[in-house]
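Good morning, and thank you for coming.

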Amino acid sequence: MNILVFAENTDGNFKKSTFEAVSYAAQIAKQNNGTCTAVSVGNIADEKLTELGKYGATKVLSYKQELLGKFAAETYSKVISHAAQNDNAELVIISNTYSGKSIAPRIAARLKAGIVTGVISIPQTETGFKVRRTVFSGKSFADIEMFTPVKVIAITPNSFAVEEMPQTCIITQLDAGLTNSDQVTRSVEITRNSGKIVLTEAEVVISAGRGMKGPENWHMIEELADILGAATACSKPVSDMDWRPHTEHVGQTGITIKPNLYMAIGISGAIQHLAGVSSSKVIVVINKDAEAPFFKAADYGIVGDAFEVLPKLIEAAKAFKRG
Amino acid sequence: MKVLVCISNVPDTTTKVSFTENNTKFNSQGVQFIINPYDELALTKALELTEKQGGTVTAINVGLAETEPAVRKALAIGATDAVRINAEPADAYYVAEQIGAYAKNENFDLILTGRESIDYNGGMVAGLLGEMLGIPSINVITSIEIENGMAKLERDIDGGREKLECKTPFVASAQKDLTEPRIPNMRGIMAARTKPLKVVEPTTASANSKITGFEMPAAKGVCKMISVDEAGSLIGILHNEAKVI
Ligand SMILES: Cc1cc2nc3c(=O)[nH]c(=O)nc-3n(C[C@H](O)[C@H](O)[C@H](O)COP(=O)(O)OP(=O)(O)OC[C@H]3O[C@@H](n4cnc5c(N)ncnc54)[C@H](O)[C@@H]3O)c2cc1C
């Protein structure tokens, strides 16, 4: 099976989700006597590209046309489809990041390929081709069989380990022959929340709800997150009231996340909230109400006032970091 | 301006999900269905845009007769007319092919979808449609203004935001923050009864994937409780026992 994996870079650097995707692709290639080729789009140093060999890619197809310096779904999907055809790929793997989500379906439509997003399993290939994804925002899983000769799957970040499987990796520069008219959308300005850990990629998330009483109390949440290298999140009412930006809202109508640790402080655990966070590996709940539904979904719990518990946690976390 | 809004009919967010037929079918018994919340935002935004500069808003749904209440609700909220493509929405690819076949000859300036449906969470229809129609698709937009066929938009990107421009026609998917959903009023509900709702038969297309089964996540074991006095010990437990920090 020829496998093509999109090696997404952000401003010339690979993120963990990219290495996860390459490791995932290499593992499927190994199981199916296939090849693992990575495709890179935009400006990135060749030394960085060779790094993909560490995770099992034997070839990198690199597209560096000037036009591709900025992400646009219509151009990136054309280029990746070009790579897929060039490499006779039967399976195209993309990480389900915001950019990944915007190109995966376009690639599928170009290649007339079946597509499944939100994938959390290695494909089962003994009989047919089946993958597992989360549905109902994490309330359940679905097994999906794909029928087309070419398939596109987008995998959920934090679902697969980054594994080293060193290979010699050859870089080939390609040109898909795009012209300016291929790019219709024009990026005007990009603002990144610098210095902050991206919520969808975070391994540890400290989240808080209405129990925090008001935005002025969030310094405690931020301090704890800072010490633990965590991202911050919140419940829906908190972002609805503008205590926190909507990008922190997790749940069925917000972001679905899957960190190793999700700590919920002053959040009741409504079904819509749980939907977005229940796939977290370990859940800690801090709530003053022992009857809060969230405790039923938790691994560890503290029944107590957040304003009393948080200072203790911050102290302990500081001590822990000092060693 | 002619706007098309894609509407999906989904189980209410409070639904306790369960399955039938040996875990191969969603159990819709007693489940309340609603317009997908993100689609509701897309619809409201379409109305705001056309109210400002004139135009029509068509709501489109791929579904069997049972989805008609959702389509009527879209009309009650304010859509000018509606189309229901009379087919079981087999998978996202199939849905996009159906909507694409309808939209191809209708010259819409803008097609809006929700960022994802809250049941199958695919988030694929916007991109599939864009490619099938040969126009751009812009995911997770949080703001949009259109003037003389030129749109200024903002969208979420990984760890930030992007401002971009695009000329019509294009597809965009609605993210929270785009607007506040509108609740239909009595007049809207009355008017919806007489607004055109066209039922169109599907074009031939075949689904290229199939759900073979569902499974519920494993139940959590017992929650280990820690007293407030011992709260600080949680950090050590998370490091030594849970091994997550
Ligand atoms: C269509 C729809 C979609 C929705 N989607 C989402 C979604 O995506 N995400 C989401 O989060 N919600 C969603 N909701 C809302 C959801 O139903 C809940 O209302 C919401 O999650 C509650 O937020 P909360 O837990 O912060 O607030 P509350 O329910 O008010 O709970 C606050 C909690 O804090 C505790 N508390 C109070 N003071 C303290 C203190 N000093 N110390 C410790 N604990 C304290 C209380 O005991 C309580 O459990 C949705 C609702 C609907 C109808």
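I begin with the shell around the ligand, which by class has 6 nonpolar, 15 polar and 6 charged residues. Please keep in mind throughout that this is a predicted model. In total, 27 residues surround the ligand, and the closest are Ser235(A), Thr253(A), Ser268(A), Gln272(A) and His273(A). The surrounding residues come from chains A and B, so the site is shared between chains.

Thr253(A) places a polar side-chain atom 2.7 Å from a nitrogen atom of the ligand. Asp305(A) also has a polar side-chain atom by a nitrogen atom of the ligand, at 3.0 Å. For Lys236(A), a backbone N or O atom lies 3.0 Å from an oxygen atom of the ligand. On its own the ligand has 980 Å² of accessible area, and the protein covers 78% of that. As for secondary structure, the elements that give two or more residues to the shell are helix 6 (236-240), helix 7 (271-277) and helix 8 (306-322) of chain A.

I turn now to the sheet that holds strand 13 of chain A. Here 6 strands form an open sheet with parallel pairing, in the order 14(A)-13(A)-15(A)-16(A)-17(A)-15(B). Its edge strands are strand 14 of chain A and strand 15 (224-225) of chain B, each of which pairs on one side only.

Is strand 13 of chain A, residues 204-208, enclosed or open? Of its 5 residues, 5 are buried, so strand 13 of chain A is largely enclosed by the rest of the structure. In a regular strand, side chains alternate between the two faces of the sheet. In strand 13 of chain A, Val204(A), Ile206(A) and Ala208(A) point one way, Val205(A) and Ser207(A) point the other way, and all are buried.

Strand 13 of chain A has two partners to describe. With strand 15 of chain A, residues 261-265, it runs parallel and is joined by 5 bridges; in that pairing Val205(A) stands opposite Tyr262(A). With strand 14 of chain A, residues 231-234, strand 13 of chain A pairs in the parallel sense over 4 bridges, and Ala208(A) has Cys234(A) as its bridge partner. The chain passes from strand 13 of chain A to strand 14 of chain A through helix 5 (residues 218-228) of chain A, and this β-α-β crossover is right-handed.

Further along the sheet, strand 16 (residues 282-287) and strand 17 (residues 300-303) of chain A pair in the parallel sense over 4 bridges. Within that pair, Ile286(A) has Ile302(A) in strand 17 of chain A as its bridge partner.

Next is strand 6 of chain A, residues 91-95, which is mostly covered, with 5 of its 5 residues buried. Leu91(A), Ile93(A) and Ser95(A) point one way from strand 6 of chain A, and Val92(A) and Ile94(A) point the other way. Strand 1 of chain A, residues 2-6, pairs with strand 6 of chain A in the parallel sense over 3 bridges, with Ile3(A) opposite Leu91(A). Strand 10 of chain A, residues 151-155, also runs parallel to strand 6 of chain A and is joined to it by 5 bridges; there Ile94(A) stands opposite Ala154(A).

Let me move to chain B. How many helices and strands does chain B have? Its secondary structure comes to 6 helices and 15 strands. Buried residues account for 53% of the 245 residues in chain B, and its C-alpha atoms fill a box of roughly 65 × 45 × 40 Å along the principal axes.

Strand 6 of chain B, residues 56-62, runs parallel to strand 7 of chain B with 5 bridges between them, and Thr58(B) stands opposite Asp81(B). Together with helix 2 (residues 68-77) of chain B, these two strands make a right-handed β-α-β unit. Strand 7 of chain B also pairs in the parallel sense with strand 13 (residues 197-200) of chain B over 4 bridges, where Ala82(B) has Leu197(B) as its bridge partner.

I close with one loop residue. Gly149(B) is found in the loop between strand 9 (137-147) and strand 10 (150-157) of chain B, and it is partly exposed, with a relative accessible area of 30%. Gly149(B) and Asp109(B) are 40 residues apart in sequence and 7.9 Å apart in space, C-alpha to C-alpha.

Notes:
Residues numbered from 1 in each chain as written. Chains lettered and ligands numbered in written order. Predicted model: local features only at pLDDT ≥ 70, side-chain atom pairs only at ≥ 80, totals over all residues. Heavy atoms only, no water. Buried < 20%, exposed > 50% of the residue type's maximum accessible area, 1.4 Å probe, protein only. Pairing = 2+ DSSP bridges. Right-handed = clockwise from strand over helix to strand, strands pointing away. Near = heavy atom within 4 Å. Polar contact = N/O pair within 3.5 Å; in protein donor to acceptor, adjacent residues only side chain to side chain. Areas by Shrake-Rupley, 256 points an atom, 1.4 Å probe, with all protein chains shown as cover. Nonpolar A, V, L, I, M, F, W, Y, C, P; charged D, E, K, R; others polar.
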